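The sequence and structure come first.

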Amino acid sequence: MIGDPLPTDRAALLARLAEPRRYDIAIVGGGATGLGVALDAAQRGHSVVLVEAHDFAKGTSSRATKLVHGGVRYLAQGSVGLVREALHERLHILHSAPHLAQPLPFVMPSYRLWETPFYGAGLKMYDALAGRHGLGRTEWLGAAETLRLLPGVQPRGLKGGVKYWDGQFDDARLALAIARTAALHGALLVNHCEALEVLHDAGRAVGLRVRDAESGRELRIEAGCIVNATGVWVDRLRRQDALAAGRTALPLVAPSQGVHVVIDQSFLPGEHALLVPSTGDGRVLFAVPWLGKLILGTTDTPRPDLPLEPRPLARELDFILREAARYLRRAPTRADVLSTWAGLRPLVSPGDGAADTPAISREHTVRVARSGLVTVTGGKWTTYRVMAEDVLARCIQAGTLPPRGPSRTAGLRLVGAGGEHTGASRPVGLGRPPGLHLYGTEVAAVAALPGAGRWLAPGLSEAMVRFAARHEYARSVEDVLARRSRLLFLDAAEAARAAPAVADILADELARDPALAAFQHLAEAYAQHGADPGA
């Protein structure tokens, strides 16, 4: 993208939202799926409005394992079509935002003689499904080469390993890049603005009643097509929509909690990630270098409640640390934990009360209610673009959105990516600590702001905070330290130390209370002491 960054002045955004007009499409939910729909629709020439109750990627979309992947474990479940589609989309994401998404080599260590040929054969199938969209070939490794690539791995009993390729990304900043690219194509996006209800006329969904979280002001939005893309929370709008017609809506989502633990990268030095395909209880364990730290995860725990800030259960943290200790030369403990987070996966309920969340499909679903309300949920980050295509196809099929040609998002470069293809076969920086390189072609715009030489924390300058307020929709300390910078996810204590300075800059930029106290409470929870002690 070429040109100066668009301003995200909130007063101007709300003034546009208050204008009397009828949009082609109104989207509720500013996670990966909703933002993908907004970008695709805007690219086709539709008038688009999107509202998000909290912040873009506040929920599941900022809490991934940071992998852009085809899904090795899904291949083991026989989901060949899902894996093939995701492998194709993996390359699209790497191309669309090379400053935020890059290839990542993995090593799967073997401690039994049969593991290397067995898993290697499966990963060769992974390569075959990727075809020309592959990132690198799978290699069988001996014990010495495995130790060279994974110097922090447990050497005792090591027989060899398998090396393969996937991708990694900065999920929250990619979501923001999608949002800002949609805005460049004319979409109106407003965060911290809750959709209270779907409005109806003669039984048809014709708009939304929304409320600005900052002022409490309520507004009405008219649109021909209403899309519910609120992730694990889709059933709330579905129930409200059905109730207006005197009907009920059965739950669509069976939420599953995935927990991640962050420790120092010295536990697994180097550029390679570690994958254990089957832990003691049959789960998958990742150890992924990311922004100078090491992410350990994840879990798959049914979670019937839907908290906005889910916390890891004590037993989930213990499981991750215990399993990591089996495969790392140096065993991490609670004292080594820098940050923890939990995300809720919007798994599509099989409708039979099944609680075995690993067995529930990771594919997405699109449902059209009698009112015309379109709901999308399920899926995963890697396939956000094809999910958007499917949503718009169903909107057109339902007659709520006029056809305006096919999707044009394949090959589209996002904000910060520049215009040229830099190649997808070499890593360029997500293993390094955060810094200006994450801004891509907007580095000069950030560096031109006041405070470019004043560093508030590693990888976070005063100028970055000002850029977040002026051009990235940031409204609070949390918006900056959780999602514009990823400091909260990398080191909760460091984020708490930087918070007062961030609050002062935001108060100067926005002339409002930046919610410092609320963030400090949140940072305490992201330390491992914030674990839910429940079983």
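This is a predicted model: local features need pLDDT of at least 70, side-chain atom pairs count only at pLDDT 80 or more; totals for chains, interfaces and linings use all residues.

Residues are numbered from 1 along each chain as its sequence is written, and side-chain values use heavy atoms, with hydrogens and water left out.

**Salt bridges**

A salt bridge here is a side-chain nitrogen of Lys or Arg within 4 Å of a carboxyl oxygen of Asp or Glu. The whole structure contains 38 salt bridges.

| E214 | R10 | 3.5 Å |

E214 and R10 pair through their side chains. Because E214 sits in the loop between β9 (204-212) and β10 (218-228) and R10 in helix α1 (residues 10-18), this bridge ties together parts that are 204 residues apart in sequence. Helices (H or I, at least four residues) and strands (E, at least two) are DSSP runs, numbered from the N terminus. Buried means under 20% relative accessible area, exposed over 50%, and partly exposed in between, with a 1.4 Å probe and protein chains only. On that scale E214 is partly exposed, with a relative accessible area of 30%, whereas R10 is buried, at 5%.

D55 belongs to the loop between β2 (48-51) and β3 (67-68) and R484 to helix α13 (residues 477-484), so the pair joins parts that are 429 residues apart in sequence. Both D55 and R484 are buried.

D171 and K66 are both buried. Salt bridges with shared partners also connect D55, K58, R63, E309, E478, D479, R483 and R484 into one network.

**Nonpolar cores**

A nonpolar core is a set of buried Ala, Val, Leu, Ile, Met, Phe, Trp, Tyr and Cys residues joined through side-chain atoms within 4.5 Å. The largest has 135 residues, and the members that touch the most other members are L17, I25, L189, V227 and L488. Contact means heavy atoms within 4.5 Å. Not counting residues up to four places away in sequence, V227 touches I25, A26, I27, V28, V374, V376, V391 and C395. A second, separate core has 27 residues, including Y111, A287, I320 and A324.

S96 is part of helix α4 (residues 80-96) and is buried, at 1% relative accessibility. Neighbours within four places in sequence aside, S96 is in contact with L412, R413, L414 and A417. The side chain of S96 also reaches the backbone oxygen of I93 at 3.1 Å. This is a polar contact (a pair of N or O atoms within 3.5 Å; within protein, one must be able to donate a hydrogen and the other to accept it, and residues adjacent in sequence count only if both atoms are side-chain atoms).

E115 lies in helix α5 (residues 115-130) and counts as buried at 9% relative accessibility. A polar atom of the E115 side chain lies 2.7 Å from the backbone nitrogen of Y111. Residues up to four places away in sequence aside, E115 touches P109, S110 and G120.
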